[in-house]
Structures are given as C-alpha cells and as structure tokens.
Amino acid sequence: MNVLERAYKDLIKDDLKAAARRFKSVAQYGPRAKWGLFLTQLLQGGCDKNPTYFQVRNFLEIDLQFLIDNKKGEYVEKILGYADFFFTVNPESYKFLARVMSANKFYDPARFFIERARQRLYNDPELHFIIAQTEMALGNKDAASKALSDCLEILPGYHPAVKMKSQLGNLHI
C-alpha cells in the first residue's frame with residue numbers, strides 16, 4: 001500500500017491528523033497529495049492553502065463519492081457546506097456536487113446544486129444533461145425531455161444527450 005492509499009485509509013478511520021501527515025509527506029510529488037492535504041485540513045476546520053482549479057475539477061467528485069461509498073456522511077456534509085468556496089475556485093463546482101448527489105439518489109441536494117449551477121452556468125450542456133438524468137431518475141419524463149432539448153440547443157452533437165433523447169422517445173412512462 002502506498003502513502004496515498006494509507007492516507008485515505010486514515011481518513012476513513014477518522015484519523016485526519018495521520019492522513020494530513022501522510023499527504024503532506026508526499027505533497028511535493030503531485031496534485032493528488034496536495035488535494036488530499038487540503039481536504040483533510042478542510043475537514044479539520046481550516047486550511048493554509050486553497051486548492052487549484054484543476055484539483056477541484058479532478059478530485060472533488062471522486063473524493064466525495066469515495067466518502068459516500070465509505071459512509072462518511074459527516075465529511076460529505078462538511079464538504080457540501082463549502083460549496084460556495086469551491087465555486088470561487090472552480091465555477092463548475094456546483095455541477096460536480098449535483099452530479100454526485102444525483103448519482104447517489106440524494107435528489108433534494110442535487111436539485112439545490114443544479115439550481116445554483118443553472119443560475120451561473122446556464123450555457124453548460126453537461127449541466128442540462130445532469131438535469132435530465134436527475135429528472136429521469138425521479139420519473140419526470142417531460143422535465144427530462146426539456147433539459148435534453150436545452151442541452152442539444154446549446155451543443156447539438158452532445159452524444160450522451162442525443163442517446164438519452166432517443167431512449168426517452170422509446171419509453172412509455
């Protein structure tokens with residue numbers, strides 16, 4: 001097991017100080033460890049350095065899913081509480097949070113973050129696709145169809161939306 005794996009194991013065992021020490025010991029070697037150090041500091045109530053745009057892009061969703069999978073709800077809630085901060089670093093953050101919440105059937109928070117993303121990034125086709133996925137999961141075929149139409153109006157060739165729209169036309173709900 002490498003240092004990063006051990007650090008994530010410490011995180012799951014609620015030993016945030018040990019996790020932070022391990023992440024810090026290898027932080028100079030790459031963005032994953034730097035992000036892990038930031039994340040453990042955030043979960044402890046403060047951090048000395050902000051993450052980068054790409055760290056948020058590359059790791060926020062993955063680590064949020066990791067924490068959900070490992071039943072670390074208190075950490076997930078804490079991270080979600082920093083949504084506005086993440087938005088200042090990467091404006092797509094609300095979309096990332098919405099995708100993870102929707103994929104895990106937490107539809108109320110998903111819709112909350114969808115609305116925030118929609119207010120700020122309306123012309124993002126991926127956002128409209130996430131809306132469509134969420135609405136389909138909730139059985140709202142008309143809302144899903146509208147979201148797919150909005151997506152394809154923004155980017156007509158967006159393959160996931162083209163495929164879903166085709167499948168939606170074949171459903172009888």
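I take buried to mean under 20% relative accessible area, exposed over 50% and partly exposed in between, with a 1.4 Å probe and protein chains only. By that cut-off, both F38 and F86 are buried.

**Ground rules.** I am working on a predicted model, in which local features need pLDDT of at least 70, side-chain atom pairs count only at pLDDT 80 or more, and totals for chains, interfaces and linings use all residues. Residues are numbered from 1 along each chain as its sequence is written, and side-chain values use heavy atoms, with hydrogens and water left out.

**Aromatic pairs.** I pair rings of Phe, Tyr and Trp (its six-membered ring) if their centres lie within 6.5 Å; planes under 30 degrees apart count as stacked, over 60 as edge-to-face and the rest as tilted. I searched the whole structure and found 13 aromatic pairs. I looked up Y8 and F23, which form an edge-to-face pair at 5.1 Å centre to centre with 80° between the planes. This pair links distant parts of the chain, with Y8 in helix 1 (residues 3-12) and F23 in helix 2 (residues 16-26), 15 residues apart. For helices I use DSSP runs (H or I, at least four residues), and for strands likewise (E, at least two), numbered from the N terminus. Y8 and F23 are buried.

I then turned to F38 and F86, an edge-to-face pair with 6.1 Å centre to centre and 80° between the planes. F38 lies in helix 3 (residues 31-43) and F86 in helix 6 (residues 83-89), so the pair ties together parts that are 48 residues apart in sequence. I also noted a cluster in which ring pairs link W35, F38, F59, F85 and F86.

**A charge over a ring.** I count a charge as sitting over a ring if NZ of Lys or CZ of Arg is within 6 Å of the ring centre and within 35 degrees of the ring normal. The charged end of R120 sits over the ring of F87, 5.3 Å from its centre.

**Q55.** I found Q55 in helix 4 (residues 53-69). Q55 counts as buried because its relative accessibility is 7%. Taking contact as heavy atoms within 4.5 Å, and leaving aside neighbours within four places in sequence, I list P31, K34, W35 and L60 as contacts of Q55.

**Helix 7.** Helix 7 (residues 93-103) has 9 of its 11 residues buried, so it is largely enclosed by the rest of the structure. Among the buried ones I noted Y94, F96 and M101. The buried residues of helix 7 pack against helix 4, helix 5 (73-80), helix 6, helix 8 (107-120) and helix 9 (125-137). Just after helix 7, I read a positive phi of about 65° at K105.
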